[in-house]
Amino acid sequence: LERGSVSVYTARRRAELLKRFVDWVMPHLTGWSLRDLATKHQSTLSMWVDEFVLQAYVAGWSRTLAAEAVLAVRDEFPWIRNMLGGAWRSLDTWATLEPPVSHPPCPQKLLHAMVVTALSWGWWQIAILLLSGFYALLRPCEYLELTWDDFVLPSAHMGGEVIFIRVKEAKTHRRGARRQHVRLDEPGVVRFLVKCAASRKGSETIWRGSGTAFRRRFDALRRAVTDSQQSIIL
C-alpha cells in the first residue's frame, strides 16, 4: 500500500529522486515545508517541479529520470496530479529536442560470452540473472527482484524440462491475473539453473545490490567481452 502499484525497484528509485527534489527546493522555501505547499499552494509547488525539470535538462539528466522525479512528487502528493501540467509539457518539449534513442538488444552470442566471463569472475548471481532475464524475457525490475522461491523447477510440476518463473510485478497485473508466470524452456539454461537452485533455495533476492550496481557489473562484462563503449540492453 505504501508504494502503490509500482515495483520495489521503481519505488526505491522514486524515493531517491524525491529526496533530491526536496534537497534542491528547500533552500528556496522560507518558512514553508513541502507538504505546506502541496496542501495550500499547489500552483507554487507545480512551478517548482517544472523548474526542477528544466534544471535536470540543463544538468544533463536523462528525460526518463526527470519524468520519474515528477512521478515521485505525484506519488507523494497524489491530490496535485492535475496541477503538474507544466512539468509534463516541459518533458514533452524535452522529447522533441532530444528524441529518444533505443539501445540495441543484447545478441545471444554476446550474452553467452558475458555469462561465461561472469562465472569465471565468480559473479554467479549476475550469470543467473542474465540467463533468466534473457530467456524468460523479463524486465530489469522483474529479474532484479527474483528469489529462488520464484523458480518453479521441473521437479515441482509435470510440464517437462521447463522452469516457470513467478513475476511479482507484471505490467498487466492490474488488468490481468495478479499472479503471473513466464516459461523458460532453453534446455541448457534449465539444467544450469536447476543445479544452482539445488543448494540455494530461499526467499531472499538473488541479487542483493542496487540496480545501479547491477548495471555497473553488466557494463564491465560487456567491455571485457567486446572492448566497446556502446550501450546495450538485456
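**Aromatic pairs.** I began with the rings of this predicted model and counted twelve aromatic pairs. I then looked up Phe77 and Trp79: their ring centres are 5.7 Å apart and their planes stand at 65°, so I noted the pair as edge-to-face. How exposed is each partner? Phe77 is buried at 3% relative accessible area, while Trp79 is partly exposed at 44%. I also found one aromatic cluster made of Phe21, Trp24, Trp48, Phe52 and Trp61.

**A charge over a ring.** Next I checked Trp123. The charged end of Arg217 sits over the Trp123 ring, 4.5 Å from the ring centre.

**Salt bridges.** My count here came to 13 salt bridges. I picked out Arg14 and Glu68, whose closest N and O atoms are 2.8 Å apart. This pair links distant parts of the chain, since Arg14 belongs to helix H1 (residues 8-25) and Glu68 to helix H4 (residues 63-76), 54 residues apart. Both Arg14 and Glu68 are buried.

Arg14 also forms a salt bridge with Asp75, with closest N and O atoms 2.8 Å apart. Asp75 is in helix H4 and Arg14 in helix H1, so this bridge ties together parts 61 residues apart in sequence. I wrote down 11% relative accessible area for the buried Arg14 and 36% for Asp75, which counts as partly exposed.

Asp92 lies in helix H5 (residues 85-97) and Arg63 in helix H4, 29 residues apart. Asp92 is partly exposed at 46%, and Arg63 is partly exposed at 30%.

**The core.** The largest nonpolar core holds 38 residues, and Leu130, Phe151, Leu184 and Phe214 have the most contacts inside it. Among the elements that each supply at least two core residues are helix H6 (108-120), strand E2 (163-167) and helix H10 (211-226). Which element gives the largest share? I found it to be H7, with seven residues.

Leu137 lies in the loop between H7 and helix H8 (140-143) and is exposed at 73% relative accessible area.

Last, I noted a nonpolar surface patch of Tyr57, Val58 and Leu97, with about 310 Å² of accessible area together. Tyr57 is part of helix H3 (residues 42-58) and is partly exposed at 34%.

Definitions and conventions:
Residues numbered from 1 in each chain as written. Predicted model: local features only at pLDDT ≥ 70, side-chain atom pairs only at ≥ 80, totals over all residues. Heavy atoms only, no water. Patch = residues over 30% accessible without salt bridge, like charges linked within 9 Å, V, L, I, M, F, W, Y side chains within 5 Å. Areas by Shrake-Rupley, 256 points an atom, 1.4 Å probe, with all protein chains shown as cover. Salt bridge = Lys/Arg side-chain N within 4 Å of Asp/Glu carboxyl O. Helix = DSSP H or I, 4+ residues; strand = E, 2+ residues; numbered from the N terminus. Buried < 20%, exposed > 50% of the residue type's maximum accessible area, 1.4 Å probe, protein only. Phe/Tyr/Trp six-rings, centres within 6.5 Å; stacked < 30°, edge-to-face > 60°. Lys NZ or Arg CZ within 6 Å of the ring centre and 35° of its normal. Core = buried A, V, L, I, M, F, W, Y, C linked by side-chain atoms within 4.5 Å.
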